[in-house]
Amino acid sequence: MESNVGRYIAKRLLSLIPVLFGVSLIVFFLVRLIPGSALQMYLGTQVEATAEQMVELKRIFGEDRPVLVLYVEWLGRLLQGDFGISLRTGREVLPDILSRLPLSLELTVMALLIALLFGIPQGILASLKRNPFVDVLNRVVGLLGLSLPQFWLAALMVLFFSGFRGWIPMGNYVGFFQDPLRNIQMLLLPSLAIGIGLAAVIMRYTRNSMLEVLEMDYIRTARAKGLRKRSVIFGHALKNAILPVITVAGFNTGYLLGGAIVIEEVFALPGMGRLALYAIYQRDYPVIQGIVLVIAAIFVLVNLATDLIYAMADPRIRLDDSGRKS
Amino acid sequence: MAITTNVEAILRVEGLVTGFRTGGGLVRAVEEVSFELHRGEILGIVGESGSGKSVTNLSILRLVQCPPGEVSAGRVLYGGKDLLSASEEEVRLVRGRNISMIFQDPLTSLNPVIKVGKQIAEAIRLHHGAKRREADARAVDMLRLIGIPDAERRASDYPHQFSGGMRQRVMIAMALSCDPEILIADEPTTALDVTIQAQILDLIRNLSAQSGTAVILVTHDLGVVAGMCDSVCVMYAGRIVERATVDDLFYDPLHPYTRGLLDSIPRTDSTGKERLYSIPGSPPNLVDLPEACPFQPRCPKAQEACARERPPEVTMAGRAPRTVRCWLHAGEDHHVS
């Protein structure tokens, strides 16, 4: 059993390799399709470089070689763990990304927590109180949460809360380990903006799943045993109803990370998103490529974690070493 | 274990009416059902699908989903209390401790994500206030008692790791874990293989004999009734049409429906050439039942009165409680209720 799980995890981690290879191909050629090259962006309007300087610049920016050659060079270095050097700052790409990553991850995790803490209890409540008014209210709130664009919500929050000092993370960002309380306070609104959509999704899933489970024979058995309503709902129903919610939450966590990247800009947080945004403005290809690869890897890891959590929650699922759930 | 009238009734159901509100109207699933159950008795309730057998039993413990279901009249007297008018909390304390139930499909009736040992121990902890350890140990004892090999290890398995018969044994262990006075078994063998059916029924009978637990056995199999029960209620269209001891019912059926059921049993001495008898027609729609005997359209002995008015429940004189709802016997009326 133990070794099975170990082998399953190993297989899934191995599947990272083809995924990352595919992503590397796509991102490498895609970024070069953006109009305007890195060199043009660097030079801007003032072209005062000498011919020799231009040759040197073209070499640095990789415009003297075919794209395919550049890709192979990049991939070769990548395999040695070298993500390359930023065309703009001249700094190594990987440490830069890794220093920004914790903030983006923290935002994602907080958004996920907010989504779960709001969505699940609200979903349970909605399934139990099948009162038309509450139901309509839930549906409207759910629909709103789903359809409001995150950036718009974030912008509204900035406007509304700018009077509350410290709520909007202006200027000096404080890391979690420097001052946890202040850090969470600063990230609360951004994570709310990111997580509220998923909260609505989770609410709907929890509600529907609970309604389905409450009709099941084993719920009748639990009641026939004389269990209190509370034990029937939390001890018996929720344990089953939570299963589809795990899948949905896991699947969406990757998208939360995407949301974090947009929202960081609105709240001026120095996370990976801002790094990505400026890299795109400046066509800083190595940085963009690095960030996309890191995000892809996180996506795969989150999916793996979701499957493991699901297997823990549902004993009928066995992880076999063909790398599939069965 | 024959019934004698001097044994006190431990459960008395009087005039039970349960309906379901549906889009098509009110479905009268159970209509004026009355019977009693005595200590140690095994009472069979037979009838076709939809005759109200299961709903009757769910109504006793107030387990009918409400809405759309609603128990609208009657009394269920147990331990000096009417379970239908008692508070939810009072009924909850009776469930599982005094009256417990097992259901038709043991796979869907056990929680798939909870270990079977825990599902059994849960009831013990709840009703006997046992500590986790004691309850777990007792759960293992129960599994052993009902014949699960290697009970200690199996207690930490999940329902899907058991076979159908073993799952029903687990259900029985769970139902009997608190030594209930009454066990309601709702078609406990319908979902099982024929060879397993006999084992499960034997198990129920033996455990009932050992502990003196009275059993209400819901079934549509008259063979099971003949082999297991002391007395029988025959249900049709939500009503009990005949109530008798097993011997009376099989040797002297009074209601034409009972007779039809008995005639439909394949006989072992048949030549194999004659057609199997079946009651013509099909059961009525329970929405908008006319003011007639519900069996009248299918009854070979229907008379004029049958189409006009519903027959009253007539208690026959003589031994043991025997009632019938049929105009054929209304004249022999000894006590109309």
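Residue numbers start at 1 in each chain as its sequence is written, while chains are lettered from A and ligands numbered from 1 in the order in which they are written. Since this is a prediction, local features need pLDDT of at least 70 and side-chain atom pairs count only at pLDDT 80 or more, but totals for chains, interfaces and linings use all residues.

**View 1**
Chain A has 13 helices and 0 strands, where helices (H or I, at least four residues) and strands (E, at least two) are DSSP runs numbered from the N terminus. Its C-alpha atoms fill a box of roughly 90 × 55 × 35 Å along the principal axes. Of the 326 residues in chain A, 34% are buried (buried: 20 or more other C-beta atoms within 10 Å of the residue's own; exposed: 12 or fewer; partly exposed: in between; C-beta atoms are placed from the backbone). Take the contacts in chain A with a separation of 6 or more, and 75% of them join residues 24 or more positions apart. Two residues are in contact here if their C-beta atoms, placed from the backbone, lie within 7 Å.

**View 2. Where chain A touches chain B.**
The contact draws 19 residues from chain A and 24 residues from chain B. On the chain A side, α10 (217–224) and α11 (229–266) each supply at least two residues, and α10(A) gives the most, with 7 residues. That side of chain A divides into 7 nonpolar, 4 polar and 8 charged residues (Ala, Val, Leu, Ile, Met, Phe, Trp, Tyr, Cys and Pro count as nonpolar, Asp, Glu, Lys and Arg as charged, and the others, Gly among them, as polar).

**View 3. A:Thr221, facing chain B.**
A:Thr221 sits in helix α10 of chain A. With 27 other C-beta atoms within 10 Å, A:Thr221 is buried. Which residues does A:Thr221 contact, leaving aside its neighbours within four places in sequence? They are B:Phe103, B:Ser109 and B:Leu110. A:Ala199 is 22 residues away along the chain from A:Thr221, and their C-alpha atoms are separated by 31 Å.

**View 4. The largest nonpolar core.**
This core has 159 residues (a nonpolar core is a set of buried Ala, Val, Leu, Ile, Met, Phe, Trp, Tyr and Cys residues joined through C-beta atoms within 7 Å). A:Ile202, A:Ile291 and B:Ile216 have the most contacts inside it. Helix α9 (residues 180–214) of chain A gives the most to this core, with 15 residues. Sequence neighbours within four places aside, B:Ile216 is in contact with B:Leu37, B:Leu43, B:Ile45, B:Asn57, B:Ile182, B:Ile184 and B:Ala185.

**View 5. A:Val245 on helix α11.**
A:Val245 lies in helix α11 of chain A and counts as buried, with 24 C-beta neighbours inside 10 Å. Beyond four places in sequence, the contacts of A:Val245 are A:Ile120, A:Ile202, A:Tyr205, A:Thr206 and A:Ser209.

**View 6. Helices α6 and α12 of chain A.**
The axes of α6 (residues 93–128) and α12 (residues 272–281) of chain A come within 7 Å and cross at roughly 130°. Axes are lines fitted to C-alpha atoms, for helices over the stretch in contact, and angles run from 0 to 180 degrees between N-to-C directions. That makes α6(A) oblique to α12(A) (under 35 degrees is roughly parallel, over 145 roughly antiparallel, 65 to 115 roughly perpendicular, and the rest oblique). A:Asp96, A:Ile97, A:Arg100, A:Leu101 and A:Ser104 of α6(A) meet A:Met272, A:Gly273 and A:Leu275 of α12(A). By type, this contact has 4 nonpolar, 2 polar and 2 charged residues.

**View 7. Helices α4 and α5 of chain B.**
In chain B, α4 (residues 116–128) and α5 (residues 132–145) pack at about 120°, with their axes 8 Å apart. These helices, too, are oblique to each other. Residues making the contact include B:Ile120 and B:Ile124 of α4(B), and B:Ala135 and B:Ala139 of α5(B). The contact residues divide into 7 nonpolar, 1 polar and 4 charged.

**View 8. Two positive phi values in chain B loops.**
Most residues other than glycine have a negative phi. B:Arg62, not a glycine, has a positive phi of about 55° and lies in the loop between α1 (53–60) and β4 (69–78) of chain B. B:Asp179, not a glycine either, has a positive phi of about 50°, in the loop between α7 (164–176) and β7 (182–186) of chain B. B:Arg62 is partly exposed, with 19 other C-beta atoms within 10 Å, and B:Asp179 is partly exposed with 13.
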